[in-house]
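Hello,

Here is the structure I promised to pass on to you. Have a look at it first, and then read on for what turned up when I went through it.

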Amino acid sequence: MAIETVILKVRRGPYGEFITDKQKLSVGEPCAVLSGDPSVPSGKAFYVCFQAGDARRMVSIEDLEIMVQRGDFKGDPGDPGTPGRGIKDIEVNTQSHLIFTMTDNTKIDAGFILDILEQISASEQLRIQAEKSRVSAETARAAAEASRQTAETARGAAEQARVSGENTRKSNESARAAAENTRQADEAERRLAEQARISSESARNTQWFNNIKPAAEQAIIDANTAADEANNIADILTDKLEAGEFKGEKGDKGDKGDSGVMVPTSGMFSLWLDGETGDLYAEYPDGSTPPQFEYDAESGDLYFVTDDGGA
């Protein structure tokens with residue numbers, strides 16, 4: 001088991017400083033005068049404060065021996081008294097007891113001079129131990145305060161990170177909400193366009209089945225009838241031509257006419273493409289209403305507009 005060595009130190013200094021510090025001593029506090037004390041031969045003394053301003057000197061054995069040898073404890077002879085015992089000599093024995101030798105050579109043990117010093121040493125040890133405990137407690141408090149400040153700093157940093165994260169989350173949520181609103185608006189616009197397309201498709205189909213298709217079918221029937229009549233007329237003319245009914249004198253050669261044959265029929269029209277210019281022409285009978293057309297730029301389709309506005 002290791003033995004801890006404790007070095008006890010008390011307030012100390014020359015006698016001049018002690019005079020100044022005397023009023024500063026605490027109750028029970030010792031003070032060592034290292035030099036210059038006029039009350040002892042060596043100039044060295046030990047004082048103990050018993051109350052504020054009351055510091056009492058403890059004399060060492062060495063000083064006591066010198067003082068005894070010098071006769072410091074002998075005064076002027078007094079009046080003769082009643083014969084009896086007096087102090088013949090004073091000494092300090094090896095046990096640090098103050099011994100008085102009486103005139104009848106009897107010795108009186110006056111007490112333990114070092115008891116006070118031992119009590120002072122014990123009190124100082126208690127004070128030092130208390131001071132160590134105070135310093136240890138203060139160190140622990142400072143460490144706890146440092147830990148608290150570190151934790152507070154970490155908490156502040158965590159709070160800042162939380163606030164920053166919350167702001168980022170709110171910003172992302174706002175961006176998401178804006179994107180969702182844009183998506184919903186685009187979806188609504190797409191649905192409206194789809195509904196318009198469906199309505200247009202439905203109207204176009206209705207116009208086709210109700211107007212254009214019957215008109216086209218009737219036009220085909222009329223065209224077939226016209227073709228049959230033309231064939232009949234052609235047969236009649238052929239027969240007459242073969243019979244020589246149309247044969248006469250040869251006339252002058254006329255201008256070259258347009259290619260193709262069109263049979264004007266009420267309600268009908270024909271389309272022909274000029275191969276040189278790329279223009280599309282519609283031909284219709286004189287006196288009838290010109291046909292109306294609509295061009296769809298997106299699809300590239302050309303629609304015929306009927307009298308009731310259908311296509």
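Glu29 counts as buried, because its relative accessibility is 16% and the cut-off for buried is under 20%. Please keep in mind as you read that this is a predicted model.

Where does Glu29 sit in the chain? Its place is the loop that runs between helix H1 (15-21) and strand E2 (30-33). Leaving aside residues up to four places away in sequence, Glu29 touches Arg11, Lys24, Tyr47, Val48 and Cys49. One of these, Arg11, forms a salt bridge with Glu29 through the side chains, at 3.1 Å from N to O. That pair links distant parts of the chain, with Arg11 in strand E1 (residues 11-13) and Glu29 in the loop between H1 and E2, 18 residues apart.

**The protein as a whole**

Stepping back, the protein has three helices and 11 strands, and along the sequence they follow the pattern β-α-β-β-β-α-β-β-β-α-β-β-β-β. Of its 311 residues, 14% are buried. The accessible surface comes to about 24000 Å², and carbon and sulfur atoms account for 53% of that. Among contacts with a separation of 6 or more, 22% are between residues 24 or more positions apart.

**Helix H2**

Which residues of helix H2 (residues 61-70) are buried? They are Asp63, Leu64 and Met67. Viewed down the axis of H2, the buried residues fall within an arc of 100°, so they line one face of the helix. Strand E5 (87-92) is part of what covers them. On the other side of H2, Glu62 and Gln69 are exposed. After H2 comes Gly71, which has a positive phi near 85°.

Most residues other than glycine have a negative phi. Asn105 is not a glycine, yet its phi is positive, at about 70°. You will find Asn105 in the loop between strand E6 (97-102) and strand E7 (107-112), and it is exposed, with a relative accessible area of 52%.

**Salt bridges in helix H3**

A search of the whole structure finds 15 salt bridges. In one of them, the side chains of Glu152 and Arg155 meet at 2.8 Å, N to O. Both belong to helix H3 (residues 114-243), and because they are three residues apart, about one helical turn separates them. In an α-helix there are 3.6 residues a turn, so residues three or four places apart point the same way. Glu152 is partly exposed at 37% relative accessibility, and Arg155 is partly exposed at 45%.

Arg197 and Glu194 also form a side-chain salt bridge, at 2.8 Å from N to O. These two lie in H3 as well, three residues apart. Salt bridges with shared partners join Glu187, Arg190 and Arg191 into one network.

**A nonpolar patch**

Finally, Leu271, Leu273, Leu280, Phe293, Tyr295 and Leu302 form a nonpolar patch on the surface, with about 630 Å² of accessible area together. Strand E8 (270-273) and strand E10 (292-295) each supply at least two of its residues. Leu273, which is found in E8, counts as exposed at 56% relative accessibility.

Best wishes

Definitions and conventions. Residues numbered from 1 in each chain as written. Predicted model: local features only at pLDDT ≥ 70, side-chain atom pairs only at ≥ 80, totals over all residues. Heavy atoms only, no water. Helix = DSSP H or I, 4+ residues; strand = E, 2+ residues; numbered from the N terminus. Contact = heavy atoms within 4.5 Å. Buried < 20%, exposed > 50% of the residue type's maximum accessible area, 1.4 Å probe, protein only. Arc of directions from axis to C-beta. Areas by Shrake-Rupley, 256 points an atom, 1.4 Å probe, with all protein chains shown as cover. Patch = residues over 30% accessible without salt bridge, like charges linked within 9 Å, V, L, I, M, F, W, Y side chains within 5 Å. Salt bridge = Lys/Arg side-chain N within 4 Å of Asp/Glu carboxyl O.
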